[in-house]
Amino acid sequence: MANLLRCQRIGCNATFTENDNPDNSCTYHESPFFHDGMKEWSCCKKRSHDFSLFLEIPGCKTGKHTTEKPVIAKAPAAPKAAIKTSTPTASVSAKDACPRCRQGFFCSDHGSQVKDMNSKPSYQVQSTQEEGTSYLQESVKAPVKKIVDINQPQTCKNKGCGQTFKEIDNHETACNYHPGPAVFHDRMRGWKCCDIHVKEFDEFIAIPPCTKGWHNADAAS
């Protein structure tokens, strides 16, 4: 009896033999990509937020079964402008591992700076300056769609989370985080989203997240 082989194409998972593998016997999908909690098949553009429903979308390609695992392409990284910095490269890994730096808070050990999230906007700005700023923001915020392996470990950038996750395990209640903004005023630190304020920074870090949602490796900093 011929050995049964398992098809490795995404969306198929059927069994077959080398002698019984005709054309169009396999129905499958090409590479998926994930962005802002949305899951989409690159081949047919069908999408879903729910991963289980996403996997149930019928394949749109046909061909022969194969035991070769598909290669999921990753989007090329956007070119970055060269920036001079005095920060030693050795501190980068330590900074990534630091819970304060990963959540975007001030850290005296690695030189991280807290962004002023409570600064009041100036209303004495000329219209030409506003238009120039708006144009610059639109240029900077141009979204870059990237393709991620569903089993690739990523770091969640949501405030108060910083956990490592895989997109295959991501869902609408996977992340516990603060939608913010953070509040720093008169030596008090807290979160506007849950209206909790403390004096010590360690107490501020320990404030439990108040919101559940999807992990996001591309959250705005």
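The largest cavity in this predicted model is lined by 14 residues, of which Asp36, Glu167, Asn216, Ala217 and Asp218 lie nearest its centre. A cavity here is a set of points, on a 1 Å grid over the protein atoms alone, where a 1.4 Å probe fits but cannot get out, and its lining residues have an atom within 4 Å of a point. The volume of this largest cavity is about 110 Å³, where a volume is the space filled by probe spheres set on the points, and the grid points are joined across faces, edges and corners. A search of the whole structure finds one cavity of 30 Å³ or more. By class, the lining consists of four nonpolar, six polar and four charged residues, with Ala, Val, Leu, Ile, Met, Phe, Trp, Tyr, Cys and Pro counted as nonpolar, Asp, Glu, Lys and Arg as charged, and the others, Gly among them, as polar.

Some conventions should be kept in mind throughout. Residues are numbered from 1 along each chain as its sequence is written, and side-chain values use heavy atoms, with hydrogens and water left out. Because the model is predicted, local features need pLDDT of at least 70 and side-chain atom pairs count only at pLDDT 80 or more, whereas totals for chains, interfaces and linings use all residues.

Strands are DSSP runs of E with at least two residues, numbered from the N terminus, and two of them pair if DSSP finds at least two bridges between them. Strand β4 (residues 32–35) runs antiparallel to β5 and is joined to it by four bridges; along this pair, Pro32 stands opposite Trp41 in β5, and His35 has Met38 as its bridge partner.

On the way to the next strand, β5 and β6 form a hairpin with five residues between them, and Lys45 in that turn has a positive phi of about 65°. Two bridges join β5 to the antiparallel strand β6 (residues 47–48), and Glu40 stands opposite Arg47 in β6. Together the three strands make an open antiparallel sheet in the order β4-β5-β6. β4 and β6 stand at the edges, each with a single partner strand, so one side of each is left without a neighbour in the sheet.

In a regular strand the side chains alternate between the two faces of the sheet. Strand β5 (residues 38–41) is covered on both faces, with Met38 and Glu40 on one side and Lys39 and Trp41 on the other all buried, where buried means under 20% relative accessible area (1.4 Å probe, protein chains only).

Strand β12 (residues 188–191) pairs with β13 over three bridges, among them positions where Gly190 stands opposite His197 and Arg189 has Val198 as its bridge partner. The hairpin of β12 and β13 has four residues between its strands, and Asp195 in the turn has a positive phi of about 55°.

Two loop residues complete the picture. His29 lies in the loop between β3 (26–28) and β4 and counts as buried because its relative accessibility is 3%; the side chain of His29 reaches the backbone oxygen of Pro58 at 3.0 Å. Asn158, in the loop between β8 (154–155) and β9 (164–165), likewise counts as buried, at 11% relative accessibility, and the side chain of Asn158 reaches the backbone oxygen of Trp214 at 3.1 Å.

Conventions
Buried < 20%, exposed > 50% of the residue type's maximum accessible area, 1.4 Å probe, protein only. Polar contact = N/O pair within 3.5 Å; in protein donor to acceptor, adjacent residues only side chain to side chain. 1 Å grid on protein atoms, 1.4 Å probe; cavity = no way out; pocket = protein on both sides within 12 Å on 5 of 7 lines; lining within 4 Å.
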